[in-house]
Amino acid sequence: MNFPIITDPQFYAVAVPGVLLLGVSKSGFGAGFGSLAVPFMALVVTVPQAAAILMPVLLLMDLLGLAAFRRDFDPRLLRFLIPCGLLGTVIGALLFKALPAHTVAGIVGVFTLLFLAQRLLFPPRPNDPMPSKLGGALLSTISGFTSFIAHAGGPPVNAYVIPLRLTPVVYTATMAYFFFVVNLSKWVPYAWLGLLDWRNMATSVVLLPIAPLGVWVGIRIARRIDPVWFYRFVYLGMLLTGLKLSWDGFLA
């Protein structure tokens with residue numbers, strides 16, 4: 001029996017850069033770029049198939065991120081974010097077949113661009129109040145939902161966490177733990193929806209060796225970069241993500 005992997009060269013031409021960007025974003029550096037992985041792969045396969053293929057890749061990346069930043073996370077913030085994120089994955093599982101993935105992508109893209117415009121047009125000041133808990137709960141829930149649908153959970157939760165002005169390492173570690181739990185919670189619903197078939201999983205195994213490279217590059221940069229430049233790259237990632245997701249959702 002032939003090994004049931006995707007053999008189309010066009011798929012790997014978009015999947016390899018997507019996985020590399022996902023790995024870099026998992027380190028915290030370039031956060032937001034990871035949301036481009038599914039749209040890239042969706043140029044060749046369907047969004048649900050792309051999301052399923054990335055599940056083992058995400059698990060490996062999450063474990064590498066936890067190992068690299070195991071002492072740097074903010075436990076209080078995580079206790080607030082994780083329950084909301086898990087609620088979002090439940091909503092995503094229930095609505096997965098009812099709501100078109102491209103519509104979700106478009107909504108996330110527009111939201112990302114609006115948040116970025118607000119940050120650039122009205123830059124934060126040292127005496128600005130911290131974002132509200134209610135807003136954080138809503139954004140974290142949306143993050144879990146969009147993560148389930150299209151692995152695009154970064155932009156919504158970033159809209160809450162970035163204004164908290166964490167150091168790059170604490171920000172990176174906290175996001176690594178948050179998405180480890182959120183991504184782990186998606187395995188059973190993905191199996192229930194029939195997405196974790198042998199072809200998707202075998203194709204994911206082919207992509208796995210690329211995952212550590214992206215994470216390694218991102219981690220080395222995240223621990224050395226100045227916070228100002230760190231967040232400039234975060235904003236760049238959010239800009240490209242917002243444009244791409246908006247295009248896929250409403251214009252493509």
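**Buried residues and nonpolar cores in a predicted model**

Me: Where is Ile82 found?
Reply: Ile82 is found in helix α4, residues 75–95. The model is a predicted one.

Me: Why is Ile82 called buried?
Reply: Its relative accessibility is 19%. Buried means under 20%. Therefore Ile82 counts as buried.

Me: What is Ile82 in contact with, leaving aside neighbours within four places in sequence?
Reply: Phe178 and Val181. Contact calls for heavy atoms within 4.5 Å, so both pairs meet that cut-off.

Me: How far apart are Ile82 and Ser140 in sequence and in space?
Reply: They are 58 residues apart in sequence, and their C-alpha atoms are 7.8 Å apart.

Me: What makes Gly23 buried?
Reply: Gly23 lies in helix α1. Its relative accessible area is 0%. The cut-off is under 20%, so Gly23 is buried.

Me: Which residues does Gly23 touch, not counting those up to four places away in sequence?
Reply: Met61, Ala211, Gly214 and Val215.

Me: Which residues touch the most other members of the largest nonpolar core?
Reply: Phe11, Met41, Leu54 and Leu207, in a core of 40 residues. Among the elements giving two or more residues are α1, α3 and α11. α3 gives the most, with nine residues.

Me: What is Phe11 in contact with, beyond four places in sequence?
Reply: Its contacts include Ile6, Met41, Val44 and Leu207. Another core lies apart from the largest one; its 29 residues include Leu81 and Phe115.

Key: Residues numbered from 1 in each chain as written. Predicted model: local features only at pLDDT ≥ 70, side-chain atom pairs only at ≥ 80, totals over all residues. Heavy atoms only, no water. Core = buried A, V, L, I, M, F, W, Y, C linked by side-chain atoms within 4.5 Å. Buried < 20%, exposed > 50% of the residue type's maximum accessible area, 1.4 Å probe, protein only. Helix = DSSP H or I, 4+ residues; strand = E, 2+ residues; numbered from the N terminus.
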